[in-house]
Amino acid sequence: MVINPTNLAKTTRVSTGWPDARSRVIKSYRDWQRAAPAIVKQYLLHLPASAIRAKIRQEFERHRYVQQLPVVDMLIAKSNMELQETMNYWKQIPHVMKYFRTEEDPRSRVSSNFMNNFLEGRN
């Protein structure tokens, strides 16, 4: 496999309005969804592509109700950078698996009680 660093590079730009931002978010989301099988194959993950797609959806849903257009533009730029880094194999397996840490390690969940976290040595 030949890696072309500029293959997925995109210039950052400002959205002209909410319809433009919406179309750019949908395009970024579709790019990620299309890349899910390649991510599984490239990083030799022991997860199905459906799990990767579900996590991608969860990450996009996390920012669903952002109301400021400049913040949406920044999130789109970050999404494009993450996709480029992931597809060009500039990440290592732990970088990809950090998104699945709470599913695979139940001890990684942090309770809301500060004192319990402090006594157990959690951050």
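Predicted model: local features only at pLDDT ≥ 70, side-chain atom pairs only at ≥ 80, totals over all residues.
I started with Lys91, which pairs with Glu82 in a salt bridge, its closest N and O atoms 2.3 Å apart. My cut-off for a salt bridge is a side-chain nitrogen of Lys or Arg within 4 Å of a carboxyl oxygen of Asp or Glu. Lys91 is buried at a relative accessible area of 9%, while Glu82 is partly exposed at 26%. For these labels, buried is under 20% relative accessible area, exposed is over 50%, and partly exposed lies in between (1.4 Å probe, protein chains only).

Residues are numbered from 1 along each chain as its sequence is written, and side-chain values use heavy atoms, with hydrogens and water left out.

Next, the other salt bridges. I find nine in the structure. Arg64 makes one with Glu61, with 3.0 Å between the closest N and O atoms, and Glu61 is partly exposed at a relative accessible area of 32%.

Then I looked up Arg34 and Asp31, whose side chains meet in a salt bridge at 3.7 Å, N to O. They sit three residues apart in helix 1 (residues 18-43), so about one helical turn separates them. Helices here are DSSP runs (H or I, at least four residues), numbered from the N terminus. Arg34 counts as exposed at 61% relative accessibility, but Asp31 counts as buried at 16%. Both belong to a salt-bridge network that also links Lys10 and Lys27.

Last entry, the surface. Phe114, Met115, Phe118 and Leu119 form a nonpolar patch there, with about 510 Å² of accessible area together. Areas come from the Shrake-Rupley method with a 1.4 Å probe. Patch members have over 30% relative accessible area and no salt bridge, and nonpolar side chains are joined within 5 Å. I placed Phe114 in helix 6 (residues 114-120), and Phe114 counts as exposed at 60% relative accessibility.

Key:
Patch = residues over 30% accessible without salt bridge, like charges linked within 9 Å, V, L, I, M, F, W, Y side chains within 5 Å. Helix = DSSP H or I, 4+ residues; strand = E, 2+ residues; numbered from the N terminus.
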